[in-house]
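Please find below some notes on the side-chain packing of this entry. They are written as separate points, to be read alongside the coordinates.

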Amino acid sequence: MSGRQRFTQVDAFTERAFAGNPAAVCLLPFPADPVWMQQVAREMNLAETAFLVRQSDGFDLRWYTPSVEVDLCGHATLASAHVLWEEQELKPKETARFHTRSGLLTVSREKDVIWMDFPATPAEPAESPPELKTGLAVTTRYIGRTKFDYLAELESEAALRALTPDLGQLSRLPVRGVIVTARSEQTEYDFVSRFFAPASGVPEDPVTGSAHCALGPYWGDKLKKSRMTGYQASARGGTVLVQLRQDRVLLGGRAVTVLRGELLH
């Protein structure tokens with residue numbers, strides 16, 4: 001990619017700047033070299049950088065961490081839709097259509113909440129491998145494995161917030177990352193979570209939309225609810241609204257633009 005390329009940095013799953021999960025969004029005039037996109041993502045050094053190219057029926061969308069391209073990312077999808085509406089690439093009530101490695105994803109707005117229609121990725125019960133046991137080093141109520149990650153339920157929200165995992169051990173697992181969750185002790189939330197993905201170049205992700213494609217079905221079954229509110233208890237923190245729709249999960253959140261810039265290379 002030669003010439004100047006604009007980008008926007010958005011804090012997703014938050015109502016205020018400097019919270020939630022930051023993502024960079026690059027709207028490209030044509031498809032770019034994957035090596036260049038990976039270099040840009042490394043330069044941005046955010047959990048995810050999103051690259052969009054307009055097509056006749058929507059946008060191609062790809063997501064990169066500083067280390068790898070990933071198959072599904074919630075917060076950078078939310079950030080991408082936010083930018084398209086904000087920069088009038090889409091009409092205010094127009095649905096965003098994204099062609100991705102996880103199929104077609106659609107995103108719409110309801111007042112100030114952005115809703116993403118994602119595939120559910122429910123966990124199946126699994127044995128805890130040694131790296132997971134050593135890496136978490138806490139008592140778990142449940143261990144499962146999804147299409148992308150391990151999922152572990154802890155005994156309490158306090159245990160989840162106090163967790164200091166061995167990231168070296170977790171990085172040896174053959175998965176994207178590890179979702180850790182517990183029932184919320186606060187009435188405004190149904191469950192809390194954290195997400196660690198050292199093997200993907202993200203030691204702890206601030207707010208992970210795609211993890212809620214597993215958390216939604218898991219807690220929906222336990223709590224007998226189809227609508228829930230999750231809180232990701234990272235240092236930045238963020239809120240994810242969840243609605244279950246058969247084999248799909250609707251993820252809702254807000255977004256704030258914090259930075260606009262220009263790539264010169």
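1. The model is predicted, and side-chain atom pairs count only at pLDDT 80 or more. Residue numbers run from 1 along each chain.

2. Seven aromatic pairs are present in the structure. One of them joins F51 and Y64, with ring centres 5.7 Å apart and planes at 85°, an edge-to-face arrangement. F51 belongs to strand β3 (residues 48-55) and Y64 to strand β4 (residues 58-64), so this pair ties together parts that are 13 residues apart in sequence. F51 is buried, at a relative accessible area of 2%, and Y64 is buried with a value of 2%.

3. A further pair is formed by F59 and F98: the centres are 6.4 Å apart and the planes meet at 50°, so it counts as tilted. F59 sits in strand β4 and F98 in strand β6 (residues 96-100), and the two are 39 residues apart, so distant parts of the chain are linked. F59 is buried at 2% relative accessibility, and F98 is buried at 0%.

4. F98 also matters for the count of core contacts. The largest nonpolar core has 52 residues, and W63, F98, V107, L151 and L251 touch the most other members. Helix α2 (residues 74-86) contributes the most to this core, with seven residues. Leaving out residues up to four places away in sequence, the contacts of F98 include L52, F59, L61, T77, A81, L84 and V107.

5. A separate core of 19 residues lies apart from the largest one, and its members include L132, A152, L170 and V175. As a general point, nonpolar side chains in soluble globular proteins tend to be buried together.

6. Is T181 buried or exposed? T181 is buried, because its relative accessibility is 0% and the cut-off for buried is under 20%. This residue is placed in strand β12 (residues 177-183). A polar atom of the T181 side chain lies 2.7 Å from the backbone oxygen of V192.

7. Which residues does T181 touch, not counting residues up to four places away in sequence? Among them are L151, A152, E153, L160, V192 and L215, as well as F191, Y218 and W219. One aromatic cluster is made up of Y142, F191, Y218 and W219.

Notes
Predicted model: local features only at pLDDT ≥ 70, side-chain atom pairs only at ≥ 80, totals over all residues. Heavy atoms only, no water. Phe/Tyr/Trp six-rings, centres within 6.5 Å; stacked < 30°, edge-to-face > 60°. Helix = DSSP H or I, 4+ residues; strand = E, 2+ residues; numbered from the N terminus. Buried < 20%, exposed > 50% of the residue type's maximum accessible area, 1.4 Å probe, protein only. Core = buried A, V, L, I, M, F, W, Y, C linked by side-chain atoms within 4.5 Å. Contact = heavy atoms within 4.5 Å. Polar contact = N/O pair within 3.5 Å; in protein donor to acceptor, adjacent residues only side chain to side chain.
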